[in-house]
Amino acid sequence: MARGSNSITLQQLVYFIEVAAEGSISAAADLLYVAQPTMSAAMKDLEARVGRTLFLRSARGVTLTADGAEFLGYARQVTEQVELLEQRYLGRPPSRRLLGVSAQHYSFVVDAFVRMVKGSNAAEYEFSLRETRTWDIIEDVRTLRSELGILYRNDFNRNVIDKLLRDSGLAFHPLFLADPHIFISRKNPLASRDHVTLDDLADLPRLTFDQGANNSFYFAEEILSTLSSKQEIRVADRATIFNLMIGLDGYTISTGIISDDLDPEIVAIPLDIDERIEIGWIDHSSIPLTEQAQRYLEELRAVVAGFGVELLG
């Protein structure tokens, strides 16, 4: 069958996927050992062939348009199928494994990531795990810096989070519901309690994750963000918050799922309030998940189920 002059080539799809991943035509050209003018011309030709603008270009690089994000999903499917054909009939080794995950600060997310990396059996891979702010998680997935995001919602922030996801072309997929717990040091006097109340916490430092320039009660990583506290400390990372739990007898409110292997000095105590925390993952509504992303979600479900938590969906 003759190839028409407006046909898309496999090489263009490979170039396009790399440019989308790097957010830069020149960076993608360097990685693929292609001259930058050649890569730029290939992307312009691709856009002309499909009759749509796939990238927004600026001095800082390129970002996908809505059409570009949808096109990326199809491009990935085509190149993955070609890879499977080459492995099956040409004896080619699997290509470099890629996956980016952005998440709020949960140890079960890290547990699942460790399992995925160990189970990948890939000779080459490039994975990224970013524990970051709520707004940045959504931006990472929207701009495809990460394929998956892990965050929570509840009755307080649900409308705001859902609107932001819709406006960004993203979807929320529930993973599990959690009863709120406090995380504290094993040496904290409250560590021996079966449960605690808000009154029990009144004289302890409340530890929360800083949300930066996009700070808002709705983007807080912890529930009850509108309640005032006599002593409050904002931190940027999980290691710091655990050190402050140990050094200052501080606490934070989270899911109750914590890894003894990763965080042996921290315990979870049920918090006696009428609230639920819904943990889920987000992705692009119009882009099918890659095989590697599906593997990570399988590990995530396995880790959560291992704590006796009932999965949703």
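Reply: We can start with a side-chain pair: R238 and E131 are joined by a polar contact of 3.0 Å. This is a predicted model, where local features need pLDDT of at least 70, side-chain atom pairs count only at pLDDT 80 or more, and totals for chains, interfaces and linings use all residues. Residues are numbered from 1 along each chain as its sequence is written, and side-chain values use heavy atoms, leaving out hydrogens and water.

Me: What makes the link between the side chains of R238 and E131 a polar contact?

Reply: The term asks for a pair of N or O atoms within 3.5 Å; within protein, one must be able to donate a hydrogen and the other to accept it, and residues adjacent in sequence count only if both atoms are side-chain atoms. The R238 to E131 pair, at 3.0 Å, is such a contact.

Me: Is R238 called buried or exposed, and why?

Reply: Buried means under 20% relative accessible area, exposed over 50%, partly exposed in between (1.4 Å probe, protein chains only). R238 has 11% relative accessibility, so it counts as buried.

Me: Which residues is R238 in contact with, leaving aside neighbours within four places in sequence?

Reply: Contact means heavy atoms within 4.5 Å. The residues in contact with R238 include H105, Y106, F209 and D263.

Me: How do you know that β7 and β11 pair?

Reply: Two strands (E runs in DSSP, at least two residues, numbered from the N terminus) pair if DSSP finds at least two bridges between them. β7 and β11 have five, in the antiparallel sense, so they meet the definition.

Terms used: Helix = DSSP H or I, 4+ residues; strand = E, 2+ residues; numbered from the N terminus.
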